[in-house]
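Take a look at the model below.

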Amino acid sequence: MSAIAINLNPIIQLTDNQFYQLCRENPEVKFERNAEGKLLIMPPTGGETGNRNSEVNADFVIWNRQTKLGICFDSSTCFKLPNGANRSPDIAWIRKERWNALTPEEQEKFPPLAPDFVLELMSPSDRLQDTQAKMQEYIDNGVKLGWLINPKMRQVEISRLGQPVEILAYPQELSGEDVFPRFILNLQIIWG
């Protein structure tokens with residue numbers, strides 16, 4: 001099942017605070033909101049995808065604890081992108097100085113910025129075109145590096161700010177490049 005889009009705009013256009021409250025009042029539902037203001041209800045992941053997300057996120061957290069360069073986020077975190085969309089990447093990371101520039105209220109609610117890095121790990125219910133469009137939206141809003149990992153096709157699409165998408169077939173590892181230095185993700189976690 002892919003995301004369900006609901007257009008409330010002809011009836012009501014939710015403010016940022018109303019959208020935040022909607023999410024808080026319905027914690028069992030994962031909402032996103034696109035740049036046009038349509039609500040997106042995201043389906044839950046299955047066991048395999050949830051496990052892969054958890055394993056990959058652990059590698060980021062361990063690296064980040066050692067380097068202390070930024071802040072890691074899981075898929076429960078919703079970011080308010082510059083284009084007005086509210087998006088929740090599977091994994092996100094922000095440099096510490098950018099995070100510290102936010103007010104405590106901005107940090108508490110949906111942070112109003114694009115992360116420095118995002119990762120989308122496709123689940124069997126995801127549509128490739130939708131996930132690619134989401135990744136492009138991240139890059140268009142200032143994300144410096146994005147990884148779209150497709151376990152079914154054993155493929156990774158690397159998006160970089162200001163560059164064409166690079167497609168890797170069955171890579172064994174990925175580098176954080178200059179966005180998060182000295183980080184290497186061993187993809188055997190994904191490929192099995």
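The model is predicted. H2 itself runs over 47–67. It has 21 residues and reaches 30 Å from its first C-alpha to its last. That is close to the 30 Å expected at 1.5 Å a residue.

Which residues of H2 are buried? They are Thr49, Asn53, Val56, Asn57, Phe60, Trp63 and Asn64. Seen down the helix axis, the buried residues of H2 fall within an arc of 120 degrees, so they line one face. An α-helix has 3.6 residues a turn, so residues three or four places apart point the same way. The face of H2 turned away from the buried side carries exposed residues: Gly47, Glu48, Arg65 and Gln66.

What covers the buried residues of H2? The cover includes strands S4 (70–73), S7, S8, S9 and S13 (184–186), along with helix H6.

Now follow Phe60. Beyond its neighbours within four places in sequence, Phe60 is in contact with Cys72, Ile91, Phe117, Leu119, Trp147, Phe180 and Phe183. Phe60 also belongs to the largest nonpolar core, which has 21 residues. Phe60, Phe117, Leu119, Trp147, Ile149 and Phe180 have the most contacts inside that core. Two or more core residues come from each of H2, S7 (91–95), S8 (117–121), S9 (145–150), S10 (155–160) and H6 (188–191). A second core is separate and has 17 residues, among them Phe73, Leu113, Val118 and Met135.

Note on methods:
Residues are numbered from 1 along each chain as its sequence is written. This is a predicted model: local features need pLDDT of at least 70, side-chain atom pairs count only at pLDDT 80 or more; totals for chains, interfaces and linings use all residues. Side-chain values use heavy atoms; hydrogens and water are left out. A nonpolar core is a set of buried Ala, Val, Leu, Ile, Met, Phe, Trp, Tyr and Cys residues joined through side-chain atoms within 4.5 Å. Buried means under 20% relative accessible area, exposed over 50%, partly exposed in between (1.4 Å probe, protein chains only). Helices (H or I, at least four residues) and strands (E, at least two) are DSSP runs, numbered from the N terminus. Contact means heavy atoms within 4.5 Å. The expected span of a helix is 1.5 Å times one less than its number of residues. The arc is that of the directions from the helix axis to the C-beta atoms.
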